[in-house]
Amino acid sequence: MLAIDGTAAQTAPEKRVKDRAATEKAIFNAAKALLAEEGFQGFGINAVARRAGCDKQLIYRYFSGLEGLIAAIGEDLGSWVKDRIPEDTGGMFLLTYGDLMEKLALYYIEALRSDPLVCKIIAWEVSENTPQVKQLADARAKALAKWLEKMRGSLEAPKGVDTAAVNAVLFAAIQHLVIAAATNGQFAGVALKNARDWDKIGTAVKRIVRGVYG
């Protein structure tokens, strides 16, 4: 096609950009779904390409191969919760670090309970000891730590408390309880089936947070 001045119209680059964005999204969604359904045993370049309906060379081009794709999934798993929790959680109504962590922990429970796909992927992450699983776990942990730091803002934790360790235990416990609820409906004899059961968990979480952070 010619422009008014007789030169070639520059429409192809825009089309390529749109095609790339759509293809990247298709590859990413296919990889995440495949990982949740089959774990790492069925997770590979060819399987992802078949699920996404694209040439496997595009996975190398857009994600630099399987490792880049796993890193992208790990980052997404660590940061998806930010879309479910208000950015102003640490606003003026939260006066202490304990207020913040109580709010975030309760939000995290609800975010996980409402996303079975993420729970499935986390379950795979902690059940297999492979380089791919380690890469996914490291990427997710890094993204989650960055999210927690951003939400903290200027609020300071009590002196002498190792917040990284305490928060790791707290959020790991939440993850395990939600996964246990999905698979067994209970953990250690505690029912995890209905709203009343989760109210009890919420109360326990509050007491733990306040016991550490005040």
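Which residues of α4 are buried? In this predicted model, residues are numbered from 1 along each chain as its sequence is written, and side-chain values use heavy atoms, with hydrogens and water left out. Local features were considered only at pLDDT of at least 70 and side-chain atom pairs only at pLDDT 80 or more, whereas totals for chains, interfaces and linings use all residues.

The buried residues of α4 (under 20% relative accessible area, with exposed meaning over 50% and partly exposed in between, for a 1.4 Å probe and protein chains only) are Leu69, Ile70, Ile73, Gly74, Leu77, Gly78 and Ser79. Helices were taken as DSSP runs of H or I with at least four residues, numbered from the N terminus.

Three aromatic pairs were found in a search of the whole structure, where rings of Phe, Tyr and Trp (its six-membered ring) pair if their centres lie within 6.5 Å, and planes under 30 degrees apart count as stacked, over 60 as edge-to-face and the rest as tilted. One of these pairs joins Phe40 and Phe43 edge-to-face, at 5.8 Å centre to centre and 80° between the planes, and both residues are buried. Tyr97 and Tyr213 also form an edge-to-face pair, with 4.8 Å between centres and 75° between the planes. Because Tyr97 lies in helix α5 (residues 97-113) and Tyr213 in helix α9 (residues 195-213), this pair ties together parts that are 116 residues apart in sequence; both Tyr97 and Tyr213 are buried.

Technical notes: Helix = DSSP H or I, 4+ residues; strand = E, 2+ residues; numbered from the N terminus.
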